[in-house]
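Open the model in your viewer and show it as a cartoon. The stops below are given in the order in which to select them.

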Amino acid sequence: MNTAHTEFDIALVRNDFPILDTEVNGRPLIYLDNGATAQKPQSVIDVIDRYYSEQNANIHRGVHQLSQLATQAYENARETIQHFLGARHSYEVLFTKGTTDGINLVASSWGRQNLNPGDEVIISTMEHHSNIVPWQMICEEKGAILKVIPIHDSGELDMAAFDSLLSDRTKMVATVHVSNSLGTINPVDEIICKAHSAGALVLLDGAQSVPHMRVNVTALDVDFYTFSGHKIFGPTGVGVLYGKEDLLNAMPPYQGGGDMIEKVTFEKTTYNTLPHKFEAGTPNIVGGIGLAAAIDYVSQFDPSSLAAHEQDLLDYATATLSEVPGVRIIGTAEKKASVISFVVDGLHPFDVGTLLDQQGIAVRTGHHCTQPLMDRYGIPGTIRASFAIYNNRSDVDVFVAALGKAVDMLA
Ligand code: PMP
């Protein structure tokens, strides 16, 4: 178990993550691929281990003690997430497989019921494929139209263009809260306010925001908010869709099967109440419990100390990276999370990434599942360093020195 931290102390935090002691290619691991997935603290690993060693049973079904213990732990996890997100009710928190699954749930269930020919759905140029393709699929099926908010070169949304796209035909605005490729923090308060004034709903893709900031869905007044457990120090294969009670109640089930029913006959099936109506089949029980442990882990820190730490890393990395010859940062928004994408003149991102890996540094290279965004910048991809709670300035120094070497070798 980790010891509880009374204040943010990076050395203690690093001790909580056993994988940071690993060597890669004979070098100490420098993990800067947190945007893809974050590492897990010992407390999360222990909870998963304990669940399988002492509590494993299926939930919501058995009268036996283990089943009741597992059910209790899973439903407690839902409440932990409810409080973390500031949701009014725990049944507004649906467990999913992750962000992708949450968006598909809304596009399929809400979209199939509510979109009609000529209706419009607005997304943005900087969406992850998981917030593009599900909307394309449902728009195609229902004869609805997908509109795209353009961005400025800085990687900020063109809000004037957003204003002109919004109309009484707009039924849904689905945007990313924090861009995984650019780090841009979008003005979601303004988006939600304007969309609601036009009579549209808002879905926020929170995959990259929950790891970097505290989000309160009630204060935001957002209609749907989705994120993945694995990017916030929890397990893979589990995530959350928050939805407002009245919207979720009005939506048809997404998938049919066990647990989501009230009564089944061959003639007619009636459905369970929230949240079970949207949770068919045996869920990722340990995933939900592990995600709550991850949330407990981050919740022990003062959010403003975490934000200051990440801002410091972002500022320091931006300044030192900019000194490497040929480096061009993609995404220079005024408000950014600790994510830096860049290209190096004349070099392919994969080649740079491979040389960095040989020096023990994990960064992401490629289009980051945002191909239309890469097209917007006229590049095949970027090299992306994304920071988390356990990264420090020394990681940045080692990374930038290794990048300098890689650039020299490839030049
Ligand atoms: N949206 C954003 C902004 C992301 O960064 C990601 C993951 N890279 C996703 C959606 C998809 O998340 P998942 O693969 O966990 O469903």
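Select residues 188-197, which form helix 7, together with strand 7 (170-176) and strand 8 (201-205): the helix lies across both strands and runs at about 155° to strand 8. Helices (H or I, at least four residues) and strands (E, at least two) are DSSP runs, numbered from the N terminus. Axes are lines fitted to C-alpha atoms, for helices over the stretch in contact, and angles run from 0 to 180 degrees between N-to-C directions. Contact means heavy atoms within 4.5 Å.

This is a predicted model, in which local features need pLDDT of at least 70 and side-chain atom pairs count only at pLDDT 80 or more, while totals for chains, interfaces and linings use all residues. Residues are numbered from 1 along each chain as its sequence is written, and side-chain values use heavy atoms, with hydrogens and water left out.

Now colour the open sheet of seven strands, whose order is 4-10-9-8-7-5-6 with mixed pairing. Two strands pair if DSSP finds at least two bridges between them. At the edges are strand 4 (93-96) and strand 6 (145-149); each has a single partner strand, so one side of each is left without a neighbour in the sheet. From one strand to the next, the twist averages 20°.

Pick Leu94 and find its bridge partner in strand 10, Leu241.

Move to residues 120-124, strand 5. Is this strand enclosed or left open? Five of its five residues are buried, so strand 5 is largely enclosed by the rest of the structure. Buried means under 20% relative accessible area, exposed over 50%, and partly exposed in between (1.4 Å probe, protein chains only). Show the side chains: Glu120, Ile122 and Ser124 point one way, and Val121 and Ile123 the other way. In a regular strand the side chains alternate between the two faces of the sheet. Strand 5 runs parallel to strand 6, with five bridges between them; Ile122 stands opposite Lys147 there.

**Helix 2**

Select residues 42-55. Helix 2 has 14 residues and spans 19 Å from first C-alpha to last, close to the 20 Å expected at 1.5 Å a residue (the expected span is 1.5 Å times one less than the number of residues). Ser43, Val44, Asp46, Val47 and Tyr51 are buried in this helix. Look down the axis of helix 2: the buried residues fall within an arc of 155°, so they line one face. The arc is that of the directions from the helix axis to the C-beta atoms. These buried residues pack against helix 3 (65-85) and helix 10 (285-299). Turn to the other side of helix 2 for Asp49, Tyr52 and Ser53, which are exposed.

Next, display the open sheet of four strands in the order 13-14-17-16, paired antiparallel. Strand 13 (327-330) and strand 16 (364-366) are its edges, each with a single partner strand, so one side of each lacks a neighbour in the sheet. Select strand 14 (residues 339-344) and strand 17 (residues 382-386), which are joined by four bridges; Val339 has Ser386 as its bridge partner in strand 17.

Finally, colour by domain: the assignment, automatic or from a database, gives domain 1 (10-31 + 302-410) and domain 2 (47-299). Their C-alpha centres lie 28 Å apart. The contact takes 32 residues from domain 1 and 25 residues from domain 2.
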